[in-house]
Amino acid sequence: MIPSDWCEAVPYFKEARHERVLQKVAELRKKHTVFPPEEQVFAALNAVPFNEVRVVILGQDPYHGAGQAHGLSFSVQEGAKFPPSLRNIFKEIDAEFHNGVKREVSTDLTRWAKQGVLLLNATLTVQEGKAASHAKLGWQAVTDDIIKAISRKRSNLVFLLWGKHALDKKPLIADNDHCILEAVHPSPLSASRGFFGCNHFMLTNDWLQKHNQPEIDW
């Protein structure tokens, strides 16, 4: 379920401490519908090898509607309802690269992951219809350890921190020549207060280019 390279790099996995959280989730699955499906809980890690991560986008919680969450932060499966936050993300991308012209895009961000974008939620599971319902199961310790490991063992990464929850993770990021970009959350409740116009996607590509890496095709 968890790739061997991530197991080796992240102490929580190497010491199997994450198993306690998985056991709690397994018990909850017997009583409730839990998203994403069991085989997609670690989809973000399966999509990007540890040594190929170039950009990290931190989310908070999986989507709690049927057919949405599939293990990548902000992403939903093709055909699912287009989340407002994701819609605003693409609105900003279109403003930065396409003169504000709206494009037809897939809601499935696997294509970003394949380019080295780690789409990591702080909590990796959720009960149907109940946002943040698994926030206190112990996932935070697991994902915090992932952030610590990758920021210490890798260099020249870009971390996109959107909203207070993501910004609270900033102290976990080692000073290892990383680029940290901060903005409000892309939610409709806050996007107009600093997400729109943040230029994060262009700045990310500028950083990657500066460090002799391919740009992300957003």
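# Close-up views of a predicted model

UniProt places the feature "domain: Uracil-DNA glycosylase-like" at residues 46-208, in an unreviewed entry; UniProt positions follow the numbering used here, feature names are shortened, and annotations may be inferred rather than shown by experiment. This is a predicted model, where local features need pLDDT of at least 70 and side-chain atom pairs count only at pLDDT 80 or more, while totals for chains, interfaces and linings use all residues. Residues are numbered from 1 along each chain as its sequence is written, and side-chain values use heavy atoms, with hydrogens and water left out.

**View 1. The annotated span, residues 46-208.** The end C-alpha atoms of residues 46-208 lie 22 Å apart.

**View 2. D61, the residue with an "active site" annotation.** The label comes from the unreviewed UniProt entry. Look for D61 in the loop between β2 and α5 (84-97). Is D61 buried or exposed? D61 counts as buried because its relative accessibility is 19%; buried means under 20% relative accessible area, exposed over 50%, and partly exposed in between (1.4 Å probe, protein chains only). Leaving aside neighbours within four places in sequence, D61 is in contact with N121, T123, T125, V126, A131 and A132, where contact means heavy atoms within 4.5 Å. The side chain of D61 also reaches the backbone nitrogen of A132 at 2.5 Å.

**View 3. H70, in the loop between β2 and α5.** H70 has a relative accessible area of 7% and is buried. Its side chain makes a polar contact of 2.7 Å with the side chain of S75. A polar contact is a pair of N or O atoms within 3.5 Å; within protein, one must be able to donate a hydrogen and the other to accept it, and residues adjacent in sequence count only if both atoms are side-chain atoms. Beyond the neighbours within four places in sequence, the contacts of H70 include P36, Q40, D108 and T110.

**View 4. H134, in the loop between β4 (126-127) and α7.** At 2% relative accessibility, H134 is buried. The side chains of H134 and T125 are joined by a polar contact of 2.7 Å. Setting aside neighbours within four places in sequence, H134 is in contact with several residues, among them L28, V34 and W139. H134 and P62 are 72 residues apart along the chain, and their C-alpha atoms are separated by 9.8 Å.

**View 5. V56, a residue of strand β2.** V56 is buried, at a relative accessible area of 1%. Which residues does V56 contact, leaving aside its neighbours within four places in sequence? They are L118, V158, F159 and L160.

**View 6. The largest pocket, with a volume of about 360 Å³.** Rolling a probe the size of a water molecule over the atoms shows where empty space is left. On a 1 Å grid over the protein atoms alone, a cavity is a set of points where a 1.4 Å probe fits but cannot get out, and a pocket is an open set with protein on both sides within 12 Å along at least five of seven lines; lining residues have an atom within 4 Å of a point. Grid points are joined across faces, edges and corners, and a volume is the space filled by probe spheres set on the points. Of the 17 residues lining the largest pocket, Q60, D61, Y63, S85 and H185 lie nearest its centre. The lining has six nonpolar, ten polar and one charged residues; Ala, Val, Leu, Ile, Met, Phe, Trp, Tyr, Cys and Pro count as nonpolar, Asp, Glu, Lys and Arg as charged, and the others, Gly among them, as polar.

**View 7. The second largest pocket, about 200 Å³.** Its lining includes F82, R87, F90, K91 and D94. By class, the lining divides into four nonpolar, one polar and six charged residues.

**View 8. The largest cavity, about 80 Å³ in volume.** Among the 14 lining residues, P62, G71, L72, S73 and N121 are the closest to its centre. The lining of the largest cavity has eight nonpolar, five polar and one charged residues.

Technical notes:
Helices (H or I, at least four residues) and strands (E, at least two) are DSSP runs, numbered from the N terminus.
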